[in-house]
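Welcome! Here is a short briefing to read alongside the sequence and the 3D view.

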Amino acid sequence: MTFNKLSAAWWRFAFLLALLLSALLISTEAQHRGDAVEYSLVTVALATHGTPDVRPSDITLARSLAPALQGVYDLVEPGLRQNGKDLYPAFAIGKDGKAYSIHFFGYSLLAAPPFKLLHALGLPPFKAYQIINLGMVFVLGLSLFRLFGSAPRALLGVLLFMLCGGWHYGGWGSPECLSAAALLAALILYCDDAPIAGGVLAGLASLQNPTIVFFFAYAPLLRAGLHYRADAGWRVSLRAMLQRRYLLGLAIGVLLALLPVLWNLYQFGVPSIIAQRASDPALISLIRLHSFYFDLNQGMIMGIPGVMAMLLLWGWRKLATGQIVHQALLLLSCVLFTMALAIPAMAIHNWNSDAAGVMRYAFWASMPFLFALFWRLRTLPRWPVALLFGVVLVQAVCTAEAKRYNYVELSPLCKWIMQRAPGLVNPEPEIFVERSGHLETYLQQELIYTFNFGGRAIKTLYNPANTKVDEQLCGTGNRLASDNHYHDTDRQWRYINGPVRCQNGAVSHQ
C-alpha cells in the first residue's frame with residue numbers, strides 16, 4: 001500500500017471512529033461513580049484556580065453541577081472549613097497546610113480543559129471525563145489500525161475493548177477506562193515499532209494506577225519474545241531493546257510514572273499516601289488472587305470470558321510445534337503480567353468497591369489478554385469470522401448482564417449457583433457479606449452472615465474466633481455438628497454450606 005493510499009485510509013478511519021465515539025458521547029450521560037467525588041473536586045479546583053488543592057468554594061461550585069454527589073460533598077466540606085480537622089478520608093493535608101485528594105491529580109488535570117470549555121458553553125461540564133476517556137479509546141483505535149492495517153478489523157478491536165468493560169467504565173468520572181485503553185495501546189505501539197508513543201501512553205496509564213509501572217519491565221521482554229527468530233537467535237532480539245528510541249520511550253514513561261511518587265513525597269512525606277491509608281500487605285492472599293480472576297461477581301472472568309476462551313481453545317491444532325511454544329509463552333507472559341498488576345491491588349482495604357460487573361482493577365489488568373488475542377489475529381490473512389462473532393456475542397451478553405446488578409448485589413449467575421449448590425461458590429468474605437447483605441460495611445467478628453433461599457439460610461459465614469458462635473447458631477447448650485459442610489476462607493473466616501446442623505442433630509433456625 002502506498003503512503004498516499006495509507007494516509008487516505010487512515011483519515012477515513014479516524015473520521016469514522018471519531019463520529020462513532022462522538023455519537024456515544026452525546027447519547028450517554030456522565031456517571032459519578034468510582035472515585036468521582038475526589039476527581040470532581042480536584043477538576044473543579046484546577047479549572048477555577050489552577051491548583052489541585054480543594055477549597056470550600058470548589059465544593060460550592062461542584063455541588064451546583066453534580067447534585068447527585070451533594071450528600072458526600074456535605075461530608076467533605078466541614079473538614080475543609082475546619083483546617084483539616086476530621087477531614088474526609090479521601091483527602092489529606094499537605095505540607096503547605098492545604099487539602100488535597102489522596103489520588104494524584106493527573107486525571108483531573110487532563111479533564112480540566114474540556115471541563116472549563118463545556119462550562120463556558122453552558123454544557124454539562126462533567127462530561128469532560130467522557131471526553132478524555134473516549135479520547136483515549138480513539139487513540140487505541142488508531143493503534144489498532146496501525147496494527148491491522150484495516151479499518152474493519154480495527155473497529156472490531158475497538159468493539160471488543162468496549163465489550164470487555166469499556167462500555168461501562170467509559171462514562172465514569174474515574175480513570176479506569178483511560179488507563180485500560182492507554183495500557184492496551186501502549187502494548188500495541190511498543191511492540192509494533194512505536195516505542196516512544198508506547199512509553200508515553202504507559203506513563204499516562206500509570207498516573208492513577210501505579211502498578212502499571214510494571215509495563216516498563218515487561219514490555220521490552222515481550223517485544224523481544226514476539227520478534228524472536230530462530231535463525232537470528234536471542235542476541236539480536238535483546239540487542240533491539242537497547243536501541244536509542246526504545247530506551248527513550250521507556251525513560252519518558254518512567255518519568256511520567258514517577259510524578260505521583262514525587263508529588264506524594266513532597267506533600268505527604270511518603271511515596272503513596274493512598275497506599276499508606278487504604279492498603280495492607282497482610283490482605284494479599286491466594287483467596288484474593290482467585291477472587292481477582294474467577295469471582296463470579298466481579299472477577300476478570302466476568303469481564304472477558306469470550307476472550308479467555310478464544311485464547312485457550314482456538315487455533316492450537318493448526319500450529320507447528322515451535323509456534324505452539326511461542327504462543328504458549330506469549331499467553332504465559334500475559335498471565336504473569338496481569339499477576340504483577342493484580343498482586344499489589346490485592347492489598348486494598350475495600351476489595352468490594354464500586355464496580356460495573358468486572359471490578360475496576362481486573363478491567364485494566366485484563367488488557368494483556370486482549371493484546372495477546374490481537375497479536376495472534378494480526379498474522380492471519382483471513383480471520384475466523386464465525387468464531388469472532390461468537391466471542392463478540394458472549395462479550396455483549398456479559399456487558400448486558402453487568403447492568404442487572406451493582407456492587408452490593410450478587411450477580412445473577414453467582415446467585416443461581418449458590419441457590420442450587422452453595423458449596424461450589426465461596427466468595428471472598430467481604431464480597432459475600434456486602435453483596436448478600438446489600439450494603440457496604442465492615443466485617444465484624446461477632447456477627448453471623450447468611451445467604452437465604454426458600455425461607456432458610458443455605459450458606460453461612462462466621463469467624464471461629466467468635467466464642468458465641470455455637471449459641472448464636474444452635475441455641476444455648478448446643479454446638480455446631482462436625483458433619484456440617486465447612487469451607488475455610490480468607491482471614492480465618494469459615495463458610496457452612498447448606499443448612500446448619502447442630503450437635504444434637506437439630507437444624508438451625510438461622
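Strand β4 runs antiparallel to strand β6 (residues 494-497), and four bridges join the two. Strands here are DSSP E runs of at least two residues and helices are H or I runs of at least four, numbered from the N terminus. This is a predicted model, in which local features need pLDDT of at least 70 and side-chain atom pairs count only at pLDDT 80 or more, while totals for chains, interfaces and linings use all residues. Residues are numbered from 1 along each chain as its sequence is written, and side-chain values use heavy atoms, leaving out hydrogens and water.

**The sheet**

- Lysine 459 has asparagine 497 in β6 as its bridge partner.
- Four strands form an open sheet in the order β3-β4-β6-β5, with antiparallel pairing; two strands pair if DSSP finds at least two bridges between them.
- At the edges stand β3 and β5 (485-488), each with a single partner strand, so one side of each has no neighbour in the sheet.

**Helix α20**

- Cys414, Ile417 and Met418 are buried in helix α20 (residues 412-420), where buried means under 20% relative accessible area, exposed over 50% and partly exposed in between (1.4 Å probe, protein chains only).
- These residues cover an arc of only 100 degrees around the axis, which puts them on the same side of α20; the arc is that of the directions from the helix axis to the C-beta atoms.
- The buried residues of α20 pack against α21 (429-437), β3 (449-453) and β4 (456-462), with contact meaning heavy atoms within 4.5 Å.

**Nonpolar cores**

- The largest nonpolar core has 133 residues, and Phe161, Phe215 and Phe371 touch the most other members. Such a core is a set of buried Ala, Val, Leu, Ile, Met, Phe, Trp, Tyr and Cys residues joined through side-chain atoms within 4.5 Å.
- Helix α8 (residues 176-191) gives this core its largest share, 14 residues.
- Apart from this core lies another, of 13 residues, including Leu410, Cys414, Trp493 and Tyr495.

**Salt bridges**

- There are 16 salt bridges, each a side-chain nitrogen of Lys or Arg within 4 Å of a carboxyl oxygen of Asp or Glu.
- Glutamate 77 and arginine 63 meet through their side chains in one of them (2.8 Å, N to O). Glutamate 77 lies in helix α4 (residues 70-81) and arginine 63 in helix α3 (residues 56-65), so the pair ties together parts 14 residues apart in sequence.
- Arg63, Asp74, Glu77 and Arg81 are linked in a salt-bridge network.
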